Structure formats: C-alpha cells, structure tokens
Amino acid sequence: MSLQFLPKFNLSRHRRWLIIAPPLLFLLVFFLIPFGFALTISFAQTAIHVPPYTDVVSMDAQHRLHVSAHLDNYRYLLTDKVYALSYLYSLKTAFFSTLICLLIGYPMAYAISRTSRSAQSILLLVIILPFWTSFLLRVYALEGIIRENGLLNQALLWLGLIHQPLQLMHTTAAVYVGIIYSYLPFMVLPLFATLEKLDHTLLEASADLGSPPWRAFLDVTLPLSMPGVIAGSMLVFIPAIGEFVIPTLLGGADNLMIGRVLWDEFFGNRDWPVASAVAVVFLVFLVGPIAIYQHYQGKDLEAHA
Amino acid sequence: MNERPPSMLMTVLAIGVALLYIPMLVMIGYSFNASPLVGIWGGFSTHWYRELVHNDQLIGAAWLSLRIGFVAATAAMVLGTLAAIALVRFKKFRGRFALTAMVNAPLVMPEIITGITQLLLLISMLHLFGWPHRGFLTIVLAHVTFCTAYVTVTVQSRLASADRSLEEAAMDLGSGPVRAFIDTTLPIIAPALASGWLLSFTLSLDDLVISSFVSGPGASTLPMVIFSKVKLGVSPDINALATLIIATVGVGVLIAGVLMRRADQQRLRDLQLAAQ
C-alpha cells in the first residue's frame, strides 16, 4: 500500500489555525494565564478594598509603570510553621495513599487483564462506573459506613469483635480510607491498559527457561507495566496532595492538608496574596510529578475512552 | 490469554469491587429508611423522596447545575475535538507543546489550585474590563477548561486509531479535506465525542471545589448546596437525592455504553459489507 504517499490532511497553513486556535487560545486564557495572575498577586499586599489586594503593577497619570512587589507573603510562609507542616503532611498522606492504591489496584488490574474479552469489558465498566458517579456523594456515602453508628461498627459489634464502637470519623485513618476509596479507579484503569497489552509469549518463554511464576512476574510483567504504574500513581498522587473534600468531610481538625489551608486562607481569612503564594509554592512542587505524568501519558487513559 | 486467573487474584478483585460499591449500596438502602436516625432501620419509606420535591433550594441548585453542565459539556466537546484533531493530525505547529501540556495538566491538577488561579483571573478581568460578573457564565468558563481536557484525551485516542484510508479515498474522489473528514472520520470518532460530552456533563454536575471559587452570590450549584448540608453530618434527604443522581448516571452510562457498542458493531458490519 502506498497510502502514506497520498496527500495528508492538507489544509493550508492558515486554515489549520481555524482548528488549532480556538482550544489553544481558550486554554491559554483560562488555564495558563491564571497562573500568571496568581504569581503576580502573590507579590501583592492585602488591602481592605475590592479586590482585597494592592496592585503589583500600576500605571500613573503620566503612563509610567509602577511595580511594587513584596516578598512578605513568601517570608510569611517560611515563618508560620502551619504551611510547611501541611505541605509535608499532604505529601505524606498522598504518598501512602498512592502506595496502598497501587498494592490493591495492581492485583485488580492484573486479574481483569487475565479474564476473557467479554468479562474484561464488563469488569472495566464496573470499575469505571464509580468514576462517573459523583465524587462528593461517594465520599459522603463512605461516611455512612465508618461513622460511629455506621455499618462497619454495627457489623463489628454484632460479630463480637469489638465492644465499643470504633471512632473512625474525623481521624487520619478515615482520610486514608477516603482517598483510597475515591481514587482506586484512577489506579486500576491505566494499569489495566498496560497489562492488557502485555505480550504473554514472554511469560511463556520465561517459564520455558525455568523461571518460577513469581520470578517471571518480577522479571517480565512488572518492568513492562511500569508506564501504567507511573501513570496510575501520578493520577492518584497529584490530586490527592491537593485534596480538599476528603480531609474536610472525613478528617479531623489535625488533618491539615494543604487544600484545606488554602481554602481557609481564601474564604476564612480572605488573605488572597498569601493564598496565592501558597498556591505558587504548591505548584512549584507539582511541576516535577506533572512532567513525569505528561511523559507517560498516552500509554494510559485509553481505557477511559 | 483466557486461562483462569489464580483464585487469589480474583479474590482481591472481588474485594476491591465490593469496597467500591458497598458504601453506595448502603446509602441507597438508607434512603428508603423511615427513621431519620441513620443507624436505625425504621422500616421502608419513600418519605425522603417526597421531601425532596418540596425543597426549592435543592431543585433550584439542581436546575442551575444541569444548565451549566449542558452548556459546558457542549462547548468542551467542540473545543476538545478541535484540540484532538490538531494534536493527532498536525504533527508540527507553533504551540503544540503548550497545547499538549494544557490538555494533560488539568487532568491531574488539584482542583483547589485551578479554582484559585481562575478566580484571580476573573477578579482581575472584572477589575479591568468590568466583565464578567461571577455567576453562571464564570462557572461555565471554568468547567469548560477541565472538561475540554477530558474530551481531548477521549477523542485523541479514538482519532489516532481511526483508519485514514476512507478519508483519503474521499479526497481522491474530489472531496475537500474538511468535507472528507466530516463524511468519513467524524462518524468513526462520534462515539468518543458522545462519551466525552457525557463525561464532561457528569464532571461538571459533580464539581464542587472549582465552582465554589468562581461562582458569585446567588449562584449555588447542586454540589455546593449538598456540601454545605453534608458538612453538618449525614442527612436522609441527601441519601435520597444521591440515590436519584447515582441511578440516573448509572442508567445513563449503561445505555450510552450499549448504544456505543451497537454503533461500533454496525460500523464494523458496514465496513465488512463495503469490503466485499
């Protein structure tokens, strides 16, 4: 076949921009440029007017530009320990949640990839369906299970395993359960996408050469599924760091994740410049993980389609 | 690979699936509980559903969310499809890297960051141009941003795997490139467009964090109202509302899945017939 020599989608260079420009411009204005505003406002000072911060860049009557940038907000982030502690706490929580998601999600994805085609499509639908239902309502539903008179405590009391209801709500454990429960599908789907494409003759070859199954898994399956492991981990890890709903609804006062701190700074203290500085620093930390995710995407998310 | 997977793996799968579904099933069960106390079963009742009908605040918020979801999903479907075409079909153009980054980053970006930065943009725009006032429009604009990302990824993979030969044949027969695309490739990627729209619609309906930042006084979406109620604890009318939402989404996704599969099989048959 000589199809590749046929003319490609040969729109003229100018007409191509009719297709490229609308999404590019929209995302520039409403996704990228906002970060510029956050960066700028992080150098402003709080002020008691609308909007509640001073102008960083202003122009006087003679059309001269004035720049009044302050580093106070960043200095404040360093002096008030709440910020550093909540960053670290968020990182820790997200890391261990991701690890547990991986430990549960990998066998699940592996099991699905080993079933027949028709079973696969049904199981995938079963995994995807919660992803389509409301995130907020799922977190809320979890509360019905783990609260003091919830199903879990009732079941454990009935079985005689405990004599006093466990206090799970408003604890660190509840935050972990919430994150794992909510983000598990994000781990399973990319893992399945890579495991499904695995060439099983490699496993047979490994078995023929005398490898026990666990050895074949470590030598063949695991390395080949690394793109899925990384994509899935990033899909859980990055949003989990900034999680707001789960620590607010399920966690206690000491589960200070950075998302909650940001929310309070914004709506409670109405200190927008400090909130912007927190967001900027947070984003700097996220650039690395997001770049890793970008690198491995394309190998994942096909299962979402 | 169709041999039976080890039973241990299947056990983990079964437990995982059970964990995903048990909380929702329990909530659905409690929505029919006559007793307002969550831990106690007071008999079967549809009381909380009847209560919902008279809750004007919830109905108003639901209507607002539905309208926002419809507009945002439709706009995102158009923008996302254009972005997918650009990324799959045009190998080199200025801004390709930026576009790739901007359609992937919203998928993982913590909502709280997107919400804050978008609010700062909107405030600055209002300050400079006196427009737009926060409310319906600003929520739609914010939702279109992350929905476009989801549509792009969904359409992108479908478009990349679509067979180009039909389109090229159409061009050989004298169709212009746009016409050839609309006549041949668009029907092939249509299911991805539909699922992108549906996904956008449900994500928009569900969004709490970004909406809370970019909405203005008087524009409370359904998740915002639910969140303010849920913060105070479990309430039976929210159980009923959640059941209705989950049932609607579940049935919608199942029907969409069946329809898309049927459309796919129909296309396959058509192609086989055409090849004979």
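Colleague: At what angle do the axes of helix α3 (residues 81-113) of chain A and helix α10 (residues 226-241) of chain A cross?

Modeller: Happy to start there, with a predicted model in hand. Axes here are lines fitted to C-alpha atoms over the stretch in contact, with angles from 0 to 180 degrees between N-to-C directions, and helices are DSSP runs of H or I with at least four residues, numbered from the N terminus. The axes of α3(A) and α10(A) come within 9 Å, and their crossing angle is roughly 145 degrees.

Colleague: How many nonpolar residues does the contact of α3(A) with α10(A) have?

Modeller: Contact means heavy atoms within 4.5 Å. On α3(A) the residues include A:L91, A:F95 and A:Y106, and they meet a set in α10(A) that includes A:V229, A:F237 and A:I241. Ala, Val, Leu, Ile, Met, Phe, Trp, Tyr, Cys and Pro count as nonpolar, Asp, Glu, Lys and Arg as charged, and the others, Gly among them, as polar. By class there are no charged residues, 3 polar ones, and the nonpolar count is 11.

Colleague: Which helix gives the most to the side of chain A that touches chain B?

Modeller: In this interface, 97 residues of chain A are in contact with 100 residues of chain B. Together the chains bury about 9100 Å² (accessible area lost on being put together, 1.4 Å probe, summed over both), with 80% of it on carbon and sulfur atoms. With 21 residues, the top contributor on chain A is helix α1 (residues 13-41).

Colleague: How many salt bridges are there between chain A and chain B?

Modeller: A salt bridge needs a side-chain nitrogen of Lys or Arg within 4 Å of a carboxyl oxygen of Asp or Glu. Between chain A and chain B, the count is 0.

Colleague: How are residues and chains labelled, and what pLDDT do side-chain atom pairs need?

Modeller: Residues are numbered from 1 along each chain as its sequence is written, and chains are lettered from A and ligands numbered from 1 in written order. Side-chain values use heavy atoms, without hydrogens and water, totals for chains, interfaces and linings use all residues, local features need pLDDT of at least 70, and side-chain atom pairs count only at pLDDT 80 or more.

Key:
Helices (H or I, at least four residues) and strands (E, at least two) are DSSP runs, numbered from the N terminus. Buried area is the accessible area (1.4 Å probe) that two parts lose on being put together, summed over both.
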